[in-house]
Amino acid sequence: LKLAINVMTYAQFAAAATGHDLLTGVGGDPESLWTALRGLGQLGALTDSYRHILGIPAAHITGDFAATLQTQVGIAEKDLTLARALGETRGRTGDMVEAIRDSMAALYGVEGRRP
């Protein structure tokens with residue numbers, strides 16, 4: 001159950017980051033995305049708290065803040081690796097879970113950084 005919830009949570013993070021990047025890439029206001037998702041009932045509390053890191057410039061992700069995000073990425077990657085292994089028994093979820101796992105560092109803004 002824990003792994004299933006975590007897969008869904010991290011998938012929502014990935015979707016939120018993608019939507020945010022698409023919208024801001026064309027000059028849109030990301031707050032309108034969050035307002036719309038709340039109105040549709042599709043914005044969970046965890047993703048709502050995660051959304052705040054999406055607009056932070058890379059230059060501001062330093063020190064203890066970067067270390068905290070890297071720790072979160074490590075936890076996510078561990079959980080998603082376990083979920084992928086479990087999903088292989090079903091034969092159809094592995095690639096999606098792997099793609100989400102492999103995107104975690106970029107989604108948290110710490111890609112290419114050492115813990």
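**Entry 1: ground rules**

I take helices (H or I, at least four residues) and strands (E, at least two) as DSSP runs, numbered from the N terminus. With that in hand, I place Pro-57 in the loop between α3 and α4.

I am working on a predicted model, where local features need pLDDT of at least 70 and side-chain atom pairs count only at pLDDT 80 or more, while totals for chains, interfaces and linings use all residues. Residues are numbered from 1 along each chain as its sequence is written, and side-chain values use heavy atoms, with hydrogens and water left out.

**Entry 2: confidence**

I looked up pLDDT, the predictor's confidence in each residue, from 0 to 100. The chain averages 89. I find that 97% of the residues score at least 70. By element, α4 has the highest mean pLDDT, at 93. The lowest mean belongs to α3, at 84.

**Entry 3: the whole chain**

I count five helices and zero strands. The order from the N terminus is α-α-α-α-α. The radius of gyration is 15 Å, close to the 13 Å that the globule rule gives for 115 residues, so the chain is as compact as a globular protein of that length. For that figure I use C-alpha atoms, and the rule is 2.2 Å times the number of residues to the power 0.38. Along its principal axes, the C-alpha trace spans about 45 × 35 × 25 Å.

Next I checked burial (buried is under 20% relative accessible area, exposed over 50%, partly exposed in between, with a 1.4 Å probe and protein chains only). Buried residues account for 33% of the 115. The accessible surface comes to about 7,000 Å². Carbon and sulfur atoms hold 61% of that surface. The areas come from the Shrake-Rupley method with a 1.4 Å probe; for residues, only the protein chains shown count as cover.

Contacts came next (heavy atoms within 4.5 Å). Among those between residues at least 6 apart in sequence, 65% join residues at least 24 apart.

I also looked at charge, with Lys and Arg as positive and Asp and Glu as negative, His and the chain ends not counted. I placed each charge at NZ of Lys, CZ of Arg, CG of Asp or CD of Glu. There are 10 positive and 12 negative charges, and their mean positions are 6 Å apart.

**Entry 4: helix α1**

I stopped at Thr-9, in helix α1 (residues 2–25). Thr-9 counts as buried, at 15% relative accessibility. Setting aside residues up to four places away in sequence, Thr-9 touches Leu-46 and Thr-47.

**Entry 5: the loop between α3 and α4**

I looked at Ile-53, in the loop between α3 (45–50) and α4 (63–87). Is Ile-53 buried or exposed? Ile-53 is buried, with a relative accessible area of 16%. Beyond four places in sequence, I list its contacts as Phe-65, Leu-69, Leu-107 and Tyr-108. Ile-53 and Ala-17 are 36 residues apart along the chain, and 9.6 Å separates their C-alpha atoms.

I then went back to Pro-57 in that loop. Pro-57 is partly exposed, at 45% relative accessibility. From Pro-57 to Gly-27 I read 16 Å, C-alpha to C-alpha, across 30 residues of sequence.

**Entry 6: helix α4**

Leu-80 sits in α4. At 1% relative accessibility, Leu-80 is buried. Which residues does Leu-80 touch, not counting those up to four places away in sequence? I find Val-7, Tyr-10, Val-97, Ile-100, Arg-101 and Met-104. The C-alpha atoms of Leu-80 and Val-97 are separated by 6.4 Å, with the two residues 17 apart along the chain.

Asp-79 is also in helix α4. I get 3% relative accessibility for Asp-79, which counts as buried. Its contacts beyond four places in sequence are Lys-2, Leu-3, Asn-6 and Tyr-10. I note Tyr-10 on the contact lists of both Asp-79 and Leu-80.

Gln-72 is in helix α4 too. Its relative accessible area is 27%, and I log Gln-72 as partly exposed. Leaving out residues up to four places away, Gln-72 touches Tyr-10 and Tyr-108. Gln-72 and Gln-42 lie 30 residues apart in sequence and 23 Å apart in space, C-alpha to C-alpha. Tyr-108 had already come up, as a contact of Ile-53.
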